[in-house]
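Me: Here is the structure I would like to go through. Please set each value against its definition before you conclude anything.

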Amino acid sequence: MASPTPRTAGAPLQPSPGSTLAGGSSLTAPAGLLPAPGPEPRGARTAHFRKVLDVAAAQSLLTPVVFIFVALFLVPIGASIFLSFTDFNGYTTHFSFVGLANYRALLSSDQILSGLYFSILYAVATTVLVTLIAVPLAVVLNRRFFGRNFVRAALFFPAVPSLLVLGLVWAYIFAPISSGVVNSVLHDLFGLGPVLWLSEDRLAQLSVIIVGVWAQAGWHATLYLAYLQSIPGDYYDAAMIDGASNYQCFFRITFPLLAPAMTVSVVLLMTGGLRVYELPLAITSGNGSPGGPGYSTYTVTQNILQFGVSQGQYGQGSAMSVLFLLLVVAALLVVLSLLRRREARLR
Amino acid sequence: MTPETTNSPSSLSRRAFLARAAGGAAAAMVAPSLLRMGSAAASTVQAAGSSVSGTLTFMSWDTPAVMQPVIAAFNKLYPSVNVEISFTPPVSEYISTLQERLLAGTAADIFIYTAENKAQLNQGNFVRNLSDQPWVKDMAAANLQFMSTPGGVWGLSPASWAGGVIYNTKILAKAGYKQLPGTWSGFLELCSKLKAMKITPYYDAGTPGVALEALIGTYYKTTYGKNIDPEIFARKISFVDAWEVPLTQYSELYSEGLVSQAVIGLTGTEMDSELATGKLAMLGSGPWDVASVQKDNPNISLFMGAVPGPAAGQQYWCGAPNEGWAVNAKAHDPAAALVFLSFLASGTGLKAYMTSSGDISTMSDYTSPVGSALTAAATAARQSLYYYHGVSWPSEYETPLTTVLIAELQSMFQGKATVKQVLQALDAKLKQLLA
């Protein structure tokens, strides 16, 4: 016999308006007026038992992930928060609680504020520049041309080696003397004297940002390329028939449909940029300074390691970690919120 | 020219020198009677050799290439002692690894006691008092002072280093110099001449550089007659008062345009390369760079001289006692640990270690052979004619203050900070640390 409300496969069974429960009461009847339900039929109990078993099995599969999350994320974060209120020095378990002293000390240090400044500068600059380069690059890489696969691989390559290794190579390339690679080229082509790439505050910051962009642009172009390839060609065909120019195709079709890719890319760039450590360390740690010249390329993560490990001030290092975590979370929430709104607007 | 300017057979490259010395060490093991082992410590070591047994754990920051010949020499005398050695590179990685192991109760029986961790090791009672050991009297005064606190002696420091100016003597000869400059103003004049010859005059390998450290040492000696760092940290005198004169002298290198601020972004390897290729005439560094530059260019003529002072005869060096080996207060096998240290302090142990490390022994039992380029530096190391803030400052304040010092000096090199501002920043940081 046909059901009065045919059900699609997989859809949950919903009572139709006016239908009654097993006890005969209306769905809209006040809860207090419902009579006590009678004993469940045997089949219903078995189904309920199976459902509980299914849920338990699914939950048990999550146990390792939960364990890892607790052990590797929650416990360290909890320990950092705890230690940030102490004077723990890393050598003994005897320590005292110092209240907010570690947090107060952070806000009065030039070294820490400089680290915060460059971390934010690096994160914002690399995010903007990589996005500006990666999107057009992905569009080019999506076209057919001779040697396309080789070019794609070559552009992706800088993302493979560690940033530390890349940094050491680039420190040699940017060496601020006449025998430095870039300076040699500038001298041979334009007769310019040696540029103080790594020996002047702004130039050192610029050098680190240039390498950061170079190292990441190819990887993010590949990310955009993956999203580009999922855009149906019919959209472009239809637009062309309607007389749309390439410019219009890019800004009316490609760019809006890349919005989800941009969200992923920007979030990765921002969080990675704020956490940057090894690149400035490798490029500018030359003559005795871990983030030189002065504090110009010092980062928050370098501060955390220096206070926490090198100086044995685990309390201050932990306080910095906690504040930095909050900063990254806040930045992430703001960026995500803006990008999600943008996605919705372009949809 | 006063120093030897040619690469004589005695100033071989570091590798050749070590290989030859290692051969000598092997021969010496066959004929122990020829060794200089006259000290009580050495005699005790040999006498006790056969009766000691056990397993000793040792956390080294020297490389396996340095320590394996030493362990082999030890095991020839003490075949029943098994040495389990682990290697962790210096300095920060070693300090943090040791710290974690001490906290976990898994630290080795013997580990490094040095400027960066001595205060924490003493505060936590992690090291055994070694003042009753016979080799203590054989340590040089500066090394003994470095290893000591009022409560005891906590390590064996058998060597020192002294760094100065590494001169490319052929370039100096081209500039018309047959003798090294005897005063700081003479040194600046030499830099001017070299610059006029389109040769980079001088780089300091590291910040703060060898020249600044030596000028401070000279100033302390000539003005106060002693190291006044303890007074600075007791807030009896400020950095501004104690350092303004030597830092002003040092800053002339930059304010007069004799040294480029490019030095801020150069690595040690790049500086060595510039010196080896003749583009750089003088490098302020330690003995290790002499060996590496000679390896890059075996035909180069180098000599390491002291940093000239304000007046003739006031030259000084940058240097310090080497790190020491300490015994864990909770060592699993303290007897074996003490025997191992006695061996290291003996003629046999010193020869094995100094040969493979290339360090300059300051123990009374052994004199390290050095190449002709380093004769003056070796004498200075043995006589403790040096100053290095990293060892002189209390270890709990050394790292944060040095970070400020480096950053401020680099601002000064760029012309963005004055001498006074650099020193005021140091005073402010010290005040904050002591609060």
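Reply: Two residues are in contact if their C-beta atoms, placed from the backbone, lie within 7 Å. This is a predicted model, in which local features need pLDDT of at least 70 and side-chain atom pairs count only at pLDDT 80 or more, while totals for chains, interfaces and linings use all residues. Residues are numbered from 1 along each chain as its sequence is written, and chains are lettered from A and ligands numbered from 1 in the order in which they are written.

Me: What share of the contacts in chain B between residues at least 6 apart in sequence join residues at least 24 apart?

Reply: Of those contacts in chain B, 78% join residues at least 24 apart.

Me: Why is Pro158(A) called partly exposed?

Reply: A residue is buried if 20 or more other C-beta atoms lie within 10 Å of its own, exposed if 12 or fewer, and partly exposed in between, with C-beta atoms placed from the backbone. Pro158(A) has 16 C-beta neighbours inside 10 Å, and therefore counts as partly exposed.

Me: What does Pro158(A) touch, not counting residues up to four places away in sequence?

Reply: Pro158(A) touches Leu166(A), Trp214(A), Ala215(A) and Gly218(A), with that exclusion applied.

Me: How do you know that helix 7 of chain A is bent?

Reply: The bend at a residue is the angle between axes fitted to the seven residues ending there and the seven starting there, and at Ala217(A) helix 7 of chain A bends by about 35 degrees. Helices (H or I, at least four residues) and strands (E, at least two) are DSSP runs, numbered from the N terminus.

Me: How many residues make up the contact between the chains?

Reply: The contact takes 29 residues from chain A and 25 residues from chain B, and helix 18 of chain B gives the largest share of the chain B side, seven residues.
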